[in-house]
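Student: I am new to this structure and would like to learn how to read its features one by one. Could you take me through them slowly, giving the general idea before each case?

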Amino acid sequence: MKLYKKLFTDFDEMYLAHASLGIIASSCIGSIAAMLILMKGHAFINMFELFLVVVVCMGFNAAVLAQMKSKFVFNSLIVSLGVSILLIIINLI
């Protein structure tokens with residue numbers, strides 16, 4: 001919890017810079033996850049994984065563009081990166 005508070009405080013202080021970097025990071029890692037998912041095939045489970053990664057990445061981008069509260073944006077960044085990295089790991093195995 002200490003790490004979360006420290007990271008959120010830093011994110012909140014320089015919101016615009018971190019939101020911009022978050023958009024780049026979320027989009028890049030999300031596109032890597034999408035590529036790996038599509039390389040596995042086009043079955044229903046693959047399309048569900050693709051849907052999931054697109055929804056969380058676009059959700060973060062929408063939160064930034066809608067200028068929502070910084071805590072919501074920070075939490076959606078964590079969810080977006082977490083889901084994308086989890087799906088990358090799953091599809092590399």
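Tutor: Gladly, and please keep in mind from the start that this is a predicted model. Let us begin with the cysteines, where Cys 57 has a relative accessibility of 8% and therefore counts as buried, since the limit for that word is under 20%.

Student: Is Cys 28 buried, exposed or partly exposed?

Tutor: Cys 28 has a relative accessible area of 42%, which makes it partly exposed.

Student: How many disulfides does the structure hold?

Tutor: In general, a disulfide is a covalent bond that joins the sulfur atoms of two cysteines. When the whole structure is searched, 0 disulfides are found. Cys 28 takes part in none, and the nearest cysteine sulfur to its own, that of Cys 57, is 10 Å away.

Student: Now I would like to look at the serines, so where is Ser 70 found?

Tutor: Ser 70 is found in helix 4, which covers residues 70-92, and with a relative accessible area of 15% this serine is buried. If we leave aside the neighbours within four places in sequence, Ser 70 is in contact with Phe 8, Phe 11, Asp 12 and Tyr 15.

Student: Which residues does Ser 76 contact beyond its neighbours within four places in sequence?

Tutor: Those residues are Phe 60 and Ala 63. Ser 76 is also found in helix 4, where it is buried, with a relative accessible area of 14%. A polar atom of the Ser 76 side chain lies 2.8 Å from the backbone oxygen of Val 73.

Student: Which residues form the nonpolar patch on the surface?

Tutor: The patch is formed by Phe 44, Ile 45, Phe 48, Phe 51, Leu 52 and Val 55, which together have about 630 Å² of accessible area. One of them, Ile 45, is found in helix 3, which covers residues 44-65.

Key. Residues numbered from 1 in each chain as written. Predicted model: local features only at pLDDT ≥ 70, side-chain atom pairs only at ≥ 80, totals over all residues. Heavy atoms only, no water. Disulfide = S-S within 2.5 Å. Buried < 20%, exposed > 50% of the residue type's maximum accessible area, 1.4 Å probe, protein only. Helix = DSSP H or I, 4+ residues; strand = E, 2+ residues; numbered from the N terminus. Contact = heavy atoms within 4.5 Å. Polar contact = N/O pair within 3.5 Å; in protein donor to acceptor, adjacent residues only side chain to side chain. Patch = residues over 30% accessible without salt bridge, like charges linked within 9 Å, V, L, I, M, F, W, Y side chains within 5 Å. Areas by Shrake-Rupley, 256 points an atom, 1.4 Å probe, with all protein chains shown as cover. Salt bridge = Lys/Arg side-chain N within 4 Å of Asp/Glu carboxyl O.
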